[in-house]
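Here is a friendly walk through one model, meant to be read with the structure open beside it.

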Amino acid sequence: THGCSSLPCPPPPPGASYVSGIVALYYPDEASVGDDPEVQNWVLDIFTNGFLGRSSSGTGQVGV
């Protein structure tokens, strides 16, 4: 599924980044990103392997 209620999806608001527009296609709100286990596991992998578990990096928090 995606965040749009009908196709074609409306364009992102002016000033929105490309990534924000793509994310908005699949996640209707911020809570749905935090509820996606695949995204959370991906962030955990980046935090653990990319940042070597440093809590000062600001990543790896649930819902980030």
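A residue counts as buried under 20% relative accessible area, as exposed over 50%, and as partly exposed in between, using a 1.4 Å probe and protein chains only. By that scale C9 is partly exposed, because its relative accessible area is 22%.

Before going further, a word on the source. This is a predicted model, in which local features need pLDDT of at least 70 and side-chain atom pairs count only at pLDDT 80 or more, while totals for chains, interfaces and linings use all residues. Residues are numbered from 1 along each chain as its sequence is written, and side-chain values use heavy atoms, with hydrogens and water left out.

**Confidence and overall make-up**

The predictor's confidence in each residue, pLDDT, runs from 0 to 100. Its mean over the chain is 75, and 69% of the residues reach 70 or more. Where pLDDT is low, the predicted coordinates should not be read in detail.

The chain holds three helices and zero strands; these elements are DSSP runs numbered from the N terminus, helices being H or I with at least four residues and strands E with at least two. Two of the helices mark the ends of the confidence range among the elements:

| Helix | Residues | Mean pLDDT |
|---|---|---|
| α1 | 18-26 | 82, the lowest |
| α2 | 30-34 | 88, the highest |

Of the 64 residues in the chain, 12% are buried. The chain exposes about 5,000 Å² (Shrake-Rupley method, 1.4 Å probe), and carbon and sulfur atoms supply 62% of that area.

**Around C9**

C9 sits in the segment before α1. Its C-alpha lies 7.3 Å from that of L25, although C9 and L25 are 16 residues apart in sequence.

**Helix α3**

Which residues of α3 are buried? They are V39, Q40, V43 and F47.

At the start of α3, a side-chain oxygen of D36 comes to within 2.8 Å of the backbone nitrogen of E38. After α3 comes L52, with a positive phi near 55°.

Key:
A polar contact is a pair of N or O atoms within 3.5 Å; within protein, one must be able to donate a hydrogen and the other to accept it, and residues adjacent in sequence count only if both atoms are side-chain atoms.
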